[in-house]
Amino acid sequence: MMQAAHPSQALFQGEKVLPSLPVCEHYAGDEKRILKAFELQAQVGPVFDVTCDCEDGAPVGREREHAETVARMLASAANRFARAGVRVHGFDHAAWQQDLDIVIGGAGDRLAYITIPKPASAAQASAMIEYTQHCTERSGLTRPIPVHVLIETQGALREIWQIATLPGVETLDFGLLDFVSDHHGAIPSSAMRSPGQFEHKLVVRAKAEIAAAALANALVPSHNICLELNDTDVVAQDARRARDEFGFLRMYSIHPRQIQPIVDAMKPALDEVGRASEILLQAQRANWGPIRYGNDMHDRASYRYFWQVLRNAKACAVPITADAERAFFN
């Protein structure tokens, strides 16, 4: 009897598939906070990534020492799931190549991604990606290291569609605070938090353009931080609006208490996961031809959507039926 085709084979024929990533990315700047993030990740599982910050986290004049500390921690047993990345310095900072030399050379095989901040153009982003690839090859790694590009300048937004097509890019991330600052006071500080960040026309335009460029190129759009540290309802509401109104599939955390609200707000609903499982199992039995589910007709167009729901559920540790687990993830 012929084995039923897997969704990844049956539904995508030569198309680039959206990466399946945790919906939350937690920034940690120093050794103490990075270790705390790894400990939390070990407790709850790889439902969030840890981004070790060599940009804002590095004390001025001690960039080398900080990068060496980050590389050591990435290579350690504390990085249990190898779901940690690094934000290096931007193109205009003298330390960005040094960051990449040290981190990729010291821990490249345990590095989930490299985040490059503040490119002013596609050319700058391309130069940093090329150097990342050079460091990867020089270190003898057999896999490319994905690159996440922070869109924080007007220049990067202007060339967002070019940046989205650069080789190795996995996510486009919105850096709201720097983006607002890059407008020379024309955007008020109220747009750095809610509700202004979802209402100011220039910010709304930037978010929509970033999400559109990312999704059109099978990249994950990642939403900016929430400045609220105490009220987790505000954090969850920001994450929900980013997901539902703008199509962002991932969001930064800047404090451990923000992680769970972001995950809960961005993960697929349990009933949607159950529905996706039932539809895909029925579709697989029909060899991925059209099916009737309740009063609705479904075919490969909707199967692609429900497969993404299941992949997101898996990345967020949302329970999946045993039948769907066996059919699609074993």
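Predicted model: local features only at pLDDT ≥ 70, side-chain atom pairs only at ≥ 80, totals over all residues.
Does Ala218 count as buried or exposed, and at what relative accessibility?

Select them and you'll see a closed barrel of 8, running 1-2-3-4-5-6-7-8 with parallel pairing. From one strand to the next, the twist averages 25°.

Now zoom in on one pair: strand 2, residues 48-53, and strand 3, residues 84-87. They pair in the parallel sense over 4 bridges. Pick Thr51, and you'll find its bridge partner, Gly85, in strand 3.

Next, bring up the helices. Helix 9 (residues 201-216) packs on the sheet and touches strand 5, strand 6 and strand 7 (220-223). Its direction makes about 170° with that of strand 6. Then select helix 5, residues 122-138, which lies across strand 4 (113-116), strand 5 (147-151) and strand 6 (169-174). Helix 5 runs at about 150° to strand 4.

Time for the loops. Go to the one between strand 4 and helix 5, where Lys118 sits. Lys118 isn't a glycine, yet its phi is positive, about 55°. Lys118 is partly exposed, with a relative accessible area of 27%.

Move on to the loop between helix 8 (176-181) and helix 9, and select Pro195. The peptide bond leading from Ser194 into Pro195 is cis, with omega near 5°.

Last stop: Ala218, in the loop between helix 9 and strand 7. Here's another residue other than glycine with a positive phi, near 55°. As for the opening question, Ala218 counts as buried, because its relative accessibility is 10% and the cut-off for buried is under 20%.

Definitions and conventions: Residues numbered from 1 in each chain as written. Heavy atoms only, no water. Pairing = 2+ DSSP bridges. Helix = DSSP H or I, 4+ residues; strand = E, 2+ residues; numbered from the N terminus. Axes fitted to C-alpha atoms, helices over the stretch in contact; angles between N-to-C directions. Contact = heavy atoms within 4.5 Å. Buried < 20%, exposed > 50% of the residue type's maximum accessible area, 1.4 Å probe, protein only.
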